[in-house]
Amino acid sequence: MVDERERSTTNDTAGLRARLARGVQAVQMAWRSAPTTAALWIGALALAALAPIAVAWVGKAIVDAIVAHELTRTVTWVLVEMLLLAGLGVLQRVASTLRGLLGVRLGLAVNLEILRKAQDLELRHFQDPDFYDQLTRARREAPHRPLAVAGELLGLASAVVTLLGFVTLLLSYSVVAVLLLLLAAVPAALAELRFARATFELRNQRASDARLLGYLEYVLASDEHAKEVMTLDLGPTLLARYQRISEAIWVEERALVLRRMGWVALLSQLGTLSFYGCYVVVAVQAATGTLGLGDMTMYAFAFRQGQGAFQAILLAAGALYEHDLYMSNLLRFLAIPTRPRMPMLVAAAERQERGIRFEGVGFRYPDQDGFALRNIDLYISPGESVALVGHNGAGKSTFIKLLAGLYEPTEGRILLDGRDLRTFPCEELRRRLAVAFQDYNQYQLTARENVAFGDPAHLLDEARVTAAVASGGASEIVAGLPAGLDTQLGRWFAGGVELSGGQWQRIALARAFMRQQADILILDEPTAALDIDAEGEVFARVRELAAGRTLVLISHRFANVRMADRIVVLEASGVVEEGTHTRLLAADGLYAAMFRKQARGYA
């Protein structure tokens, strides 16, 4: 039993230290985002904390002057009190304004930190639902929680200063009365802490539902989904689902808020009763002449303000506790560990060769039992063009993502010029790769940016952008845009021009060709959205542009893969066939069967 109590005490102490550390971290975040604004805010809070103590003392001086019939002194102290209260009002307004400014700046800074963190994560993180719940919580708290934690922590310090001043005044009257007033505020504060935890747990449990609501909003109100939603008349179905989930969230939130309000309002009456109990005693003493009117005024004011300060401390502690719970979501996201890259392999363990080699490579997605790809042993020589074919689900796109360094093999290794791919700095590997994915992005930005993002370092290189546009077969598309390369694409923003699927795909190909220094070209279904004539034109251009580069191509159209030096047939179990088109047809295996099946469709 003693050990359990000791462990509980240790855990409580550790938890308190952790909360204080997060509070300090929030203040540091605020300070880093806008040091001058933060310093002025802290200064205004400090002065505002001292003003009520001065007002209490001046109030006593006014009453004493009135009782003594000293007109000049009375007027003087009234003017002093007026200046103090006017100054306090100005300080509170200034502090509020500075907090608002700091909130905007800090929200932007924290969102920037979240986005920076996202750049350090791996592709596997973005394919994990738990990660998306964590990201949703972090982004939900980013705009206001760090400032709220910093504000509550500084407000707590301010209230402590005020309380200490009033306690100093009140101890000369009655220690018992001080203790009574302080203890009466505790039950309401404990209730606040309990309901703060309950609110936090409820909202964390609802993170997936909140994310689903956001997704339904996007489906119901975006150009990407509008055609299908209208054609299939999905609006009522999706709206009903949205309403059902949002109503469930509302019912739970309302029930918790009403319980919180009821209990806290009830328990806070203890503080009111204790104050008026003390007030009665002070008033009776003043009426019987035991206590002077000035002292009565000061003590009554000090009792009320002191109790208010103590309640503010407890409520600030409760609010700090609640904000800290949410702040922990943000900090947990920012602390997501990223897998360290493998240490450089020693020269003796590396092959002294050029080209790409897969050695016993297998990959299994997180939380999946089976391998998406396994037993891949393959060598691609420099400058060779290789086409990957296979049934859907054979692992072709996974192969490309492994080669691009987006995934690390679960087993085996991939060598590039004799060096394990995992030892390459990301920047060095990216420079060597030019990639066009099947699910390419359509950036709601200018045509220039859509192309130049293929090599951001050359965003303003007009000659390179123009050459990439020509390489991707998009010159006519760009020439037809109202402002050429400076035309806004997509319908999300004013003045935007929407492109067809084939036009977007040509822009995506142009983006891949921006990276002129890349010696490895990876194309995943680069012509899926193009017509037959455009497809033939693009592949003729690809053959020309791939000269001297290593080309890895995925295409379901076998007429296109014939251009490759070698065709590799993939299954999830590994490489099942490889060779030229003619050789594979002669072998009469899986490739020949797939080719004949597709050819019959054109007969």
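Trainee: Where is the place of Phe-539?

Mentor: In this predicted model, Phe-539 has its place in helix 18, which covers residues 532–545.

Trainee: Why does Phe-539 count as buried?

Mentor: The word buried is kept for residues under 20% relative accessible area, and Phe-539 has a relative accessibility of 3%, so it counts as buried. In space, the C-alpha atoms of Phe-539 and Asn-560 are 7.2 Å apart, although 21 residues separate the two in sequence.

Trainee: How do you know that Asp-417 and Arg-432 form a salt bridge?

Mentor: The test asks for a side-chain nitrogen of Lys or Arg within 4 Å of a carboxyl oxygen of Asp or Glu, and here the closest N and O atoms are 2.9 Å apart, so the pair meets it. Asp-417 sits in the loop between strand 4 (411–416) and strand 5 (419–420), while Arg-432 belongs to helix 13 (residues 426–432), and the two are 15 residues apart.

Trainee: What makes Asp-417 partly exposed, and why is Arg-432 called buried?

Mentor: The boundary between the two words is 20% relative accessible area. Asp-417 has 22% and therefore counts as partly exposed, whereas Arg-432 has 17% and is therefore buried.

Trainee: Which other pairs form a salt bridge, one with Asp-420 and one with Asp-588?

Mentor: Arg-422 pairs with Asp-420, with 3.2 Å between the closest N and O atoms, and both of these residues are buried. Asp-588 pairs with Arg-596, where the corresponding distance is 2.7 Å. A search of the whole structure finds 15 salt bridges.

Trainee: What makes up the largest nonpolar core?

Mentor: This core has 31 residues, and those with the most contacts inside it are Met-29, Trp-41, Ile-114, Met-327, Leu-330, Phe-333 and Leu-334. At least two residues of the core come from each of several helices, including helix 1 (2–33), helix 2 (35–67) and helix 11 (293–334). Helix 3 supplies the largest share, with 8 residues. In soluble globular proteins, nonpolar side chains tend to be buried together.

Trainee: Which residues does Phe-333 touch, not counting residues up to four places away in sequence?

Mentor: Phe-333 touches Ile-114, Lys-117, Leu-121, Phe-131, Gln-134, Leu-135 and Ala-138.

Trainee: How many residues line the largest pocket, and which of them lie nearest its centre?

Mentor: The lining has 42 residues, and Gln-119, Leu-123, Leu-406, Arg-430 and Phe-437 are those nearest the centre. The largest pocket has a volume of about 1,800 Å³. Among the elements that give two or more residues to its lining are helix 3 (71–120), helix 12 (396–403) and helix 17 (501–513), while strand 6 gives the most, with 4 residues.

Trainee: How do the residues of this lining divide?

Mentor: The lining of the largest pocket divides into 24 nonpolar, 6 polar and 12 charged residues.

Trainee: What share of the protein chain is buried?

Mentor: Of the 603 residues in the protein chain, 45% are buried. The chain has 21 helices and 10 strands, and among its contacts with a separation of 6 or more, 74% are between residues 24 or more positions apart.

Terms used
Residues are numbered from 1 along each chain as its sequence is written. This is a predicted model: local features need pLDDT of at least 70, side-chain atom pairs count only at pLDDT 80 or more; totals for chains, interfaces and linings use all residues. Side-chain values use heavy atoms; hydrogens and water are left out. Buried means under 20% relative accessible area, exposed over 50%, partly exposed in between (1.4 Å probe, protein chains only). On a 1 Å grid over the protein atoms alone, a cavity is a set of points where a 1.4 Å probe fits but cannot get out, and a pocket is an open set with protein on both sides within 12 Å along at least five of seven lines; lining residues have an atom within 4 Å of a point. Grid points are joined across faces, edges and corners, and a volume is the space filled by probe spheres set on the points. Ala, Val, Leu, Ile, Met, Phe, Trp, Tyr, Cys and Pro count as nonpolar, Asp, Glu, Lys and Arg as charged, and the others, Gly among them, as polar. A nonpolar core is a set of buried Ala, Val, Leu, Ile, Met, Phe, Trp, Tyr and Cys residues joined through side-chain atoms within 4.5 Å. Contact means heavy atoms within 4.5 Å.
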